[in-house]
Amino acid sequence: MEKAGHQVEWVSYTNWTKTDKFFAKVYKAIYGRKGSYIHSRLASHIRTRTIKQDLSKYDVLFVPGQVDIVAGLKTDTPIIYYTDGTVPLMINYYWFGFTKKAIKEAELLEQRAIDNASYVWLSSKWAADSVIKDYHADPNQVSVFPFVVGNNDEQKIHVAKYDGQTLKVMFSGVDWERKGGQYAVDAVETLNQRGIKSELLITGIRDLPEAVKSKKFVKNLGFLNKNEPEGLKKYLETARSQSVASAD
């Protein structure tokens, strides 16, 4: 947008304040431990209140992923909401064990977000179809914009060629359970049991389960901040050294 000559500003909000953490506990008491606090009216109300900018001065607001923010914004400025999935699609596909109350609350908030957005952009037709079918959105206000690989050659990842000796697998993600980290561990463990010497390098996880840390074939680099030059450099170097790279 900036390269096209437009002025871009970051509209900040605050999350995980003491108040936010308190209401996250309230959420669990009401909707159960299995649920998404972000997909709740509580989170929406608390977090949108922390926005201090005058939103009326902007031509358009682009909000990627933050359903709680989109649902709670009160402004006449057009909102573009960009996401990669919907609650109905995530249940029993990406989210498991959610209570009925948590699902109902999540769908209610997502409906508010879709109704509040001038346009809804999705990363796939699968998700776009759900927005139209499950939330009765106007098809003329729903568009598909797939995630694409950046065109910066320095950031392109070409994984190392498998040398037939040690198969190196990389797992990258910040939410161990939701991203299926244990599946990666089990897969690499199975490879070793079958005589294919393999190792698993993990990045992004701040608190890796002790049972995983203790496995000899696991190497943990912890969280790497890709928004910082050093963190991005280390992440790319790590990914390129692997025979198989699996990112979030």
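**Notes on the predicted model**

1. Of the 248 residues in the protein, 38% are buried. Keep in mind that this is a predicted model. The secondary structure comes to 9 helices and 8 strands, and the C-alpha atoms fill a box of roughly 60 × 50 × 35 Å along the principal axes. Looking at contacts between residues at least 6 apart in sequence, 58% join residues at least 24 apart.

2. Tyr82 is a handy landmark, as it stands opposite Trp121 in strand 3.

3. Next, the nonpolar core. The largest one has 32 residues, and those with the most contacts inside it are Val70, Leu73, Tyr81, Val120, Leu122 and Val131. Several elements supply at least two residues each, among them strand 1 (61–64), strand 2 (79–83), strand 3 (119–122), helix 3 (67–72) and helix 6 (125–135). Helix 5 gives the largest share, 5 residues. There is also a second, separate core of 14 residues, which includes Phe171, Val188, Leu200 and Ile205.

4. Leu122 deserves a click in the viewer. Ignoring neighbours within four places in sequence, Leu122 is in contact with Tyr82 and Thr83, with Ala127, Ala128 and Val131, and with the run Val142, Ser143, Val144, Phe145 and Pro146.

5. How do helix 1 and helix 2 meet? Their axes come within 9 Å and cross at roughly 170°, which makes the two helices roughly antiparallel. On the helix 1 side the residues are Thr19, Asp20, Phe23, Val26, Tyr27 and Tyr31, and they meet Arg41, Leu42, Ile46 and Arg47 in helix 2. By class, that contact splits into 6 nonpolar, 1 polar and 3 charged residues.

6. Helix 1 (residues 18–31) also packs against helix 5 (residues 100–116): here the axes come within 8 Å and cross at roughly 120°. The two are therefore oblique to each other. Tyr27, Ile30 and Tyr31 of helix 1 make the contact with Lys101, Ala102 and Glu105 of helix 5. This contact has 4 nonpolar and 2 charged residues, with no polar ones. Note that Tyr27 and Tyr31 are listed for helix 1 in both of its contacts, with helix 5 and with helix 2.

7. Last, a loop residue. Ser36 is found between helix 1 and helix 2 (41–48). Is Ser36 buried or exposed? Its relative accessibility is 13%, so Ser36 counts as buried; the cut-off for that is under 20%. Leaving out residues up to four places away in sequence, Ser36 touches Tyr27, Trp95 and Phe98. Ser36 and Ile103 are 67 residues apart in sequence, but their C-alpha atoms are 8.6 Å apart in space.

Methods:
Residues are numbered from 1 along each chain as its sequence is written. This is a predicted model: local features need pLDDT of at least 70, side-chain atom pairs count only at pLDDT 80 or more; totals for chains, interfaces and linings use all residues. Side-chain values use heavy atoms; hydrogens and water are left out. Axes are lines fitted to C-alpha atoms, for helices over the stretch in contact, and angles run from 0 to 180 degrees between N-to-C directions. Helices (H or I, at least four residues) and strands (E, at least two) are DSSP runs, numbered from the N terminus. Angles under 35 degrees count as roughly parallel, over 145 as roughly antiparallel, 65 to 115 as roughly perpendicular and the rest as oblique. Contact means heavy atoms within 4.5 Å. Ala, Val, Leu, Ile, Met, Phe, Trp, Tyr, Cys and Pro count as nonpolar, Asp, Glu, Lys and Arg as charged, and the others, Gly among them, as polar. A nonpolar core is a set of buried Ala, Val, Leu, Ile, Met, Phe, Trp, Tyr and Cys residues joined through side-chain atoms within 4.5 Å. Buried means under 20% relative accessible area, exposed over 50%, partly exposed in between (1.4 Å probe, protein chains only). Two strands pair if DSSP finds at least two bridges between them.
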